[in-house]
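Here is a short report on one structure. The sequence and coordinates come first, then the notes.

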Amino acid sequence: MAAIRLENVTKRFGSIAALDGVSLEVGDGEFFAVLGPPGAGKTTLLRTIVGLERPEGGDVYVDGERVTGVYPGDRDIAIMFQNLALYPDKTVYNNLAFPLRQRKTPKDEIARRVEQTAQTLHIGHLLKRKPAKLSGGERQRVALGRVLVRAPKAFLLDEPLSALDALLRLEMRAELKRLQRDLGRTLVYVTHDQVEAMTMPERVAVLREGVVQQVDTPENVYHRPSNQFVATVVGSPPMNFIQCRVGVRNGVLRLHHDLFDVEVAAKGLSLRQTLSEGTRCLLGVRPEDVHVEPGGSAGVPATVYVTEPLGGETVVDLRLGDHLVKSLAPPTLQLRQDERVGIRLDPRRLHVFTQDGEAVVSAAGEDLFAVAATVPAS
Amino acid sequence: MAEIRLENLTKDFGGLVAVADLNLVVDDGAFIALLGPSGCGKTTTMNMISGLETPTSGEIYFDDQPVSRVEPGRRNVGFVFQNYAIFTHMRVYDNLAFGLRVRKPRPEKAEIDGEVKRVAEIVGVSRILDRRAGRLSVNDMQKVALGRSMIVNPAIFLLDEPFSNLDAAFRAYMRAELKRIQSEVGQTMVYVTHDQVEAMSMADRIAVMNLGVLQQYGTPGEIYDAPENRFVAGFVGSTQMNFVPAALVPLGLRGGVNGRSLTVGIRPESIRIVDAGAPEATIGARVTLVEPLGAKDVVHLAFDEYDVRAIGTPGERPRIGENVGLALDPGRVHMFDDETGKVVR
């Protein structure tokens with residue numbers, strides 16, 4: 001069991017800061033994910049926690065104790081890398097037993113722990129095989145087993161599912177989540193896959209170019225992103241951003257677009273500090289909150305650019321002025337290319353960002369907004 | 001523009017049959033996807049169309065002309081690969097112009113210029129024409145690669161996983177762009193992918209392959225709503241179809257079981273989570289896990305020894321451990337023969 005804390009950690013490679021003043025706290029027994037695109041510093045973060053990298057600034061604490069200079073082997077934290085690195089000439093049993101033998105664990109204790117780990121991961125029937133005789137998913141389990149068998153205080157996993165095919169990834173996603181819940185041990189999980197970061201952890205840190213953008217529950221990251229970057233990396237298809245101009249009247253924020261106006265009544269938010277009259281801003285709206293009305297009589301006028309059927313739902317790409325907006329529609333909605341439609345934006349689910357991407361308002365279903373999406377009489 | 005017809009096409013790599021007796025017609029101007037897991041034969045099929053591989057037997061016709069012995073360069077086929085084939089030391093402009101400049105006779109400068117600008121506009125690189133291609137982002141490089149192939153105006157356009165190195169947001173953007181471009185330009189397009197979302201969202205028709213054998217050829221709607229076999233049913237759909245033995249599901253099975261062992265297949269979105277005792281509940285299950293996706297949840301449920309997945313609404317999220325009822329829409333239940341895997345209708 002271990003709580004992990006990073007305080008203002010900075011790690012440079014030459015002139016590039018892979019981690020730039022990262023402060024994080026992972027609770028004891030928590031499932032914590034780190035999400036970011038390639039090059040965000042995710043792997044460096046894990047390597048710093050386990051002790052394979054020494055930060056130039058800041059400290060790492062495990063259970064309140066400073067471990068920044070402590071040798072990796074003495075931190076009792078296990079890491080599983082993206083490349084599985086199983087011993088090809090050893091059986092599954094010996095692959096699992098290896099980390100214990102290195103620690104001079106008694107033989108019967110090794111047998112007991114290997115047996116138990118194999119049972120947890122459903123690989124009991126594979127113990128006599130060599131890695132070459134295993135499927136991708138089985139190898140993944142064995143690699144995970146090598147990390148589990150040591151029963152460390154905390155586990156760090158670096159993109160453990162990225163090498164698996166789509167179906168297996170779905171299965172392993174749910175399985176890992178159950179496993180962590182059963183074991184109750186601290187798990188830090190690095191991924192570039194927003195679905196994994198949404199579905200598995202209790203909290204997620206979004207990282208960009210070595211800087212933490214937001215640390216929150218997956219739902220808050222989705223519904224209340226702190227900035228445009230976070231809003232873009234979670235959700236598929238990604239959030240739409242529509243350029244608007246700010247108008248303020250009687251303390252009410254009004255966003256002007258050539259084709260519509262949105263009126264924002266955000267109680268208790270001193271909006272004028274960040275958005276002043278006449279400045280440009282971004283209206284953010286997720287595809288599932290853009291509703292298409294066929295016929296084009298009601299709502300904001302738009303035309304169908306393309307439709308992308310996905311089976312259970314359809315992505316409708318709409319041309320709104322000179323911009324494209326993605327909408328998620330039920331598969332039953334039949335639309336032709338270039339057909340004129342009306343669109344409605346769900347007023348309870350809009351986001352407003354400053355021109356440089358900082359979130360000003362996020363509505364996650366509450367009546368933060370009073371909206372008049374009016375079409376100017378032409 | 002051309003119609004492509006594959007007749008009894010087979011490719012045997014010394015005993016390993018990569019493609020077995022494939023018959024497929026791609027209509028002139030159609031956008032089709034070859035979809036399947038790695039090793040299914042999709043890339044080999046594409047390589048035979050382009051001429052990079054020669055079929056062991058069978059024939060390929062472009063507009064009724066057999067082409068399997070025609071050199072790749074003479075087939076009038078354009079390519080885009082996973083790894084962007086561009087000249088990194090050249091400007092974007094010269095990359096686009098290249099295919100026209102090597103043409104004999106060489107077109108007039110003004111004509112080349114007009115074409116470069118037209119294609120740059122279509123693929124969205126007009127503003128970076130003077131930049132060195134090697135300095136571009138991965139996303140822009142792939143746009144340039146697409147433009148380079150498009151400018152020579154091939155009769156047939158072949159794309160092999162062109163988006164797999166791009167980030168998710170850009171992939172979503174390019175999907176819509178490519179579909180729109182194809183509908184405007186009207187070239188016959190064959191798109192190879194292992195990603196069912198790409199195949200579903202862009203193609204007019206999808207050829208699903210597995211182990212060298214064509215499993216089904218149909219529109220995205222047919223593939224999704226009327227899969228011919230269990231492989232297709234399980235491969236398409238972002239949350240996989242649920243499969244449980246028919247004997248466990250009281251649905252008044254159509255046609256009866258007749259001694260054959262059957263599996264019921266039902267998509268997660270065709271299952272409604274209701275109260276345990278509700279009259280519409282077909283079966284009972286226990287909630288084991290909820291995976292929030294933002295707009296919706298994937299709810300995992302224990303039913304007998306099976307993990308059943310249903311799509312849930314975040315506002316009505318059940319508790320872990322809760323016993324619930326599952327209402328299955330009988331009109332959306334698929335039946336598969338356990339022996340052959342084929343659908344039973």
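## Basis of the model

This is a predicted model: local features need pLDDT of at least 70, side-chain atom pairs count only at pLDDT 80 or more, and totals for chains, interfaces and linings use all residues. Residues are numbered from 1 along each chain as its sequence is written, chains are lettered from A and ligands numbered from 1 in the order written, and side-chain values use heavy atoms, with hydrogens and water left out.

## Chain B overall

Chain B has eight helices and 18 strands. Both are DSSP runs, numbered from the N terminus: helices are H or I with at least four residues, strands are E with at least two. The C-alpha trace of chain B spans about 75 × 45 × 30 Å along its principal axes.

Of the 345 residues of chain B, 54% count as buried. Buried means under 20% relative accessible area, exposed means over 50%, and partly exposed lies in between (1.4 Å probe, protein chains only). Take the contacts in chain B with a separation of 6 or more: residues 24 or more positions apart account for 66% of them. A contact means heavy atoms within 4.5 Å.

## Helix packing in chain B

How do H3(B) and H4(B) pack? Helix H3 (residues 109-123) and helix H4 (residues 138-151) of chain B meet at an angle of about 135 degrees, with their axes 9 Å apart. Axes are lines fitted to C-alpha atoms, for helices over the stretch in contact, and angles run from 0 to 180 degrees between N-to-C directions. H3(B) and H4(B) are therefore oblique to each other. Angles under 35 degrees count as roughly parallel, over 145 as roughly antiparallel, 65 to 115 as roughly perpendicular, and the rest as oblique.

H3(B) passes H4(B) in a right-handed crossing. A crossing is right-handed if the near helix is turned clockwise from the far one by less than a right angle, and left-handed if anticlockwise. From H3(B), the residues in contact are B:Glu115, B:Val116, B:Val119, B:Ile122 and B:Val123. H4(B) brings B:Lys143, B:Leu146, B:Gly147, B:Met150 and B:Ile151. By class, this contact of H3(B) with H4(B) has seven nonpolar, one polar and two charged residues. Here Ala, Val, Leu, Ile, Met, Phe, Trp, Tyr, Cys and Pro count as nonpolar, Asp, Glu, Lys and Arg as charged, and the others, Gly among them, as polar.

## Helix packing in chain A

Helix H2 (residues 92-102) of chain A packs with H4(A). Their axes come within 8 Å and cross at roughly 25 degrees. H2(A) and H4(A) are therefore roughly parallel to each other. The crossing of H2(A) and H4(A) is right-handed.

A:Val92, A:Asn95, A:Leu96 and A:Pro99 in H2(A) meet A:Val142, A:Gly145 and A:Arg146 in H4(A). The contact of H2(A) with H4(A) divides into four nonpolar residues, two polar and one charged.

## Salt bridges

A:Arg173 lies in helix H5 (residues 166-183) of chain A and B:Glu291 in strand E14 (residues 283-292) of chain B, so the pair joins two chains. A:Arg173 is buried at 8% relative accessibility, and B:Glu291 is buried at 1%.

A:Arg344 bridges to A:Glu293, with the closest N and O atoms 2.6 Å apart. A:Arg344 lies in strand E19 (residues 340-345) and A:Glu293 in strand E15 (residues 290-294) of chain A, so the pair ties together parts 51 residues apart in sequence. A:Arg344 is partly exposed at 41%, and A:Glu293 is partly exposed at 25%. A:Asp317 and A:Lys326 also form a salt bridge, the closest N and O atoms being 2.6 Å apart. A:Asp317 is buried at 2%, and A:Lys326 is buried at 10%. A:Lys11, A:Arg47, A:Glu53 and A:Glu56 are linked in a network of salt bridges.

## Two single residues

B:Val343 sits in the segment after strand E18 (333-337) of chain B. B:Val343 is buried, at 17% relative accessible area. Beyond its neighbours within four places in sequence, B:Val343 contacts B:Pro227, B:Glu228, B:Asn229, B:Met335 and B:Phe336.

Is A:Lys133 buried or exposed? A:Lys133 is exposed, with a relative accessible area of 64%. A:Lys133 lies in the loop between helix H3 (107-120) and helix H4 (136-148) of chain A. The C-alpha atoms of A:Lys133 and A:Arg319 are separated by 52 Å, and the two are 186 residues apart along the chain.

Methods: A salt bridge is a side-chain nitrogen of Lys or Arg within 4 Å of a carboxyl oxygen of Asp or Glu.
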